Structure formats: structure tokens, C-alpha cells
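Here is a short briefing to read alongside the model.

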Amino acid sequence: MTLLGNLLEYNQKFVEEKSYEEYKTTKFPDKRLVILTCMDTRLVELLPKSMNMKNGDVKVVKNAGAVVAHPYGSIMRSLLVAVYELQADEVLVIGHHDCGMSAINSEQIIGKMKDRGIDEDTFNTLNYSGIDLHDWLKGFSSVEESVAHSVDMIRHHPLMDKNIPVHGLVISPETGKLDLVVEGY
């Protein structure tokens with residue numbers, strides 16, 4: 001059976017047995033908080049447990065590196081929706097040590113894209129359109145600096161409520177220990 005088939009089979013049983021009932025909540029975060037964090041697999045359960053969060057407590061937005069790369073991209077839009085529509089009164093940006101974005105190599109990624117069949121014409125079209133894939137795919141050298149930069153972009157966004165505290169933290173993916181980078185109060 002395929003991975004998708006396994007997921008759907010499990011889901012059918014989950015719904016039939018009403019296993020979802022213990023997770024029922026509203027769309028509004030009980031702790032009035034939105035978190036931007038990394039999509040790293042080690043954080044899926046560790047992050048909320050290390051902060052005493054449970055289903056329904058917070059809104060969580062994830063991407064590679066917990067980075068706000070564009071002031072009008074989907075990450076910033078999600079944070080603004082959380083604040084203005086979903087009652088989030090604080091924002092946490094939580095990066096983590098040993099993040100894959102700190103070791104990302106745009107040349108290697110582009111090489112893997114080519115290996116999987118993305119042709120040179122596609123890369124040329126992007127380049128001629130003004131898209132610098134190397135810049136778009138770049139990572140960071142310091143997770144603390146990256147978190148501070150994302151906090152700064154959120155805090156100074158022209159559409160963000162200036163009364164919303166924006167904090168920055170870094171978590172250990174081994175222990176769950178949080179280090180404060182930026183206190184937003």
C-alpha cells in the first residue's frame with residue numbers, strides 16, 4: 001500500500017472511532033498566541049510540550065527555518081490573519097539549533113532539481129524574469145541572527161499592530177530548552 005493509502009486507511013479508523021473528540025477546540029487560540037517556527041520533524045511534538053501547549057492553545061505557522069523572507073508573502077499574511085482575525089495578541093518566532101537552513105547550499109538544491117528533470121530552460125526563464133534562485137534558496141549562518149531579523153520584519157511591518165509584542169527564541173531540538181533572543185515587551 002502507498003503512504004497515502006496508509007494515511008487514508010488510518011484516518012478512516014480515526015474518524016469511525018471518534019478519536020478526534022479529544023482534540024475538539026475552536027479556531028481561536030486559547031493563549032492568544034501565534035508561533036512562527038521551523039518545519040523540522042524534531043519539533044512537531046517537542047516544541048508544544050516544551051512550552052506547555054496543547055491543541056487549541058496557539059496558532060502555529062511553519063516553514064523552512066522559521067524565516068520571514070518576504071514582507072508580503074504567505075508567512076506574513078498568516079501572522080497578520082492570526083492577529084486581526086483569530087485573536088492572537090502576541091507573536092513568537094522560534095528557530096532551532098542544528099537547522100537545515102543553516103547548511104543549505106543553493107547549488108546543490110539546483111543540481112538536485114536538474115537531476116529530477118527540471119530543465120535548463122526553466123532556470124533561464126527564471127533568471128531572465130529577475131529571479132535569483134541562489135538568493136531565494138539561501139539559508140543563514142546564525143539562527144539567532146535569523147530569528148532577530150524575522151522578529152524585526154514582523155515588528156516593523158506597516159500592517160502589524162504596533163501594540164503586539166513580537167518575541168524571538170531558539171529551541172534545542174534535543175532537549176527543548178528555549179533561549180531568548182528578542183523580548184518583545
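A residue is called buried when its relative accessible area is under 20%, exposed when that area is over 50%, and partly exposed in between. By that rule K114, at 39% relative accessibility, counts as partly exposed. Please keep in mind that this is a predicted model.

- K114 and E120 meet through their side chains in a salt bridge, at 3.1 Å from N to O.
- E120 counts as partly exposed because its relative accessibility is 41%.
- The charged end of K114 also sits over the ring of F123, 5.4 Å from the ring centre.
- Helix α4 covers residues 106–115, and N105 caps its N-terminal end: a side-chain oxygen of N105 lies 2.9 Å from the backbone nitrogen of E107.
- After α4 comes G117, which has a positive phi near 105°.

**Salt bridges**

- How many salt bridges does a search of the whole structure find? The search finds nine.
- One of them joins the side chains of D57 and K31, at 3.8 Å from N to O.
- D57 is in the loop between α2 (43–50) and β2 (58–63), while K31 is in the loop between α1 and β1 (33–38), so this pair ties together parts that are 26 residues apart in sequence.
- D57 also forms a salt bridge with K54, where the closest N and O atoms are 3.2 Å apart.

**Helix α1 and its surface**

- L7 is placed in helix α1, which spans residues 3–16.
- L3, L4, L7 and L8 form a nonpolar patch on the surface, and together they have about 450 Å² of accessible area.
- An α-helix has 3.6 residues a turn, so residues three or four places apart point the same way.
- Is L7 buried or exposed? L7 counts as exposed, because its relative accessibility is 51% and the cut-off is over 50%.
- N6 lies in helix α1 too, and counts as partly exposed at 39% relative accessibility.
- The C-alpha atoms of N6 and S78 are separated by 30 Å, and the two residues are 72 apart along the chain.

**Aromatic residues**

- Two aromatic pairs turn up in a search of the whole structure.
- F14 and Y23 form a stacked pair, 6.5 Å centre to centre with 25° between the planes.
- F14 is partly exposed, with a relative accessible area of 22%, and Y23 is partly exposed as well, at 43%.
- Y10, F14 and Y23 together make up one aromatic cluster.

**Loop residues to look at**

- Q87 is a residue other than glycine with a positive phi, near 70°. Q87 is placed in the loop between α3 (74–84) and β3 (90–96), and at 35% relative accessibility counts as partly exposed.
- D98 has a positive phi near 60°, again in a residue other than glycine. D98 is placed in the loop between β3 and α4, and is exposed at 56%.
- S172 is found in the loop between β4 (166–171) and β5 (178–182). With a relative accessible area of 12%, S172 is buried.
- A polar atom of the S172 side chain lies 3.2 Å from the backbone nitrogen of T175.

Methods
Residues numbered from 1 in each chain as written. Predicted model: local features only at pLDDT ≥ 70, side-chain atom pairs only at ≥ 80, totals over all residues. Heavy atoms only, no water. Patch = residues over 30% accessible without salt bridge, like charges linked within 9 Å, V, L, I, M, F, W, Y side chains within 5 Å. Areas by Shrake-Rupley, 256 points an atom, 1.4 Å probe, with all protein chains shown as cover. Salt bridge = Lys/Arg side-chain N within 4 Å of Asp/Glu carboxyl O. Helix = DSSP H or I, 4+ residues; strand = E, 2+ residues; numbered from the N terminus. Buried < 20%, exposed > 50% of the residue type's maximum accessible area, 1.4 Å probe, protein only. Polar contact = N/O pair within 3.5 Å; in protein donor to acceptor, adjacent residues only side chain to side chain. Phe/Tyr/Trp six-rings, centres within 6.5 Å; stacked < 30°, edge-to-face > 60°. Lys NZ or Arg CZ within 6 Å of the ring centre and 35° of its normal.
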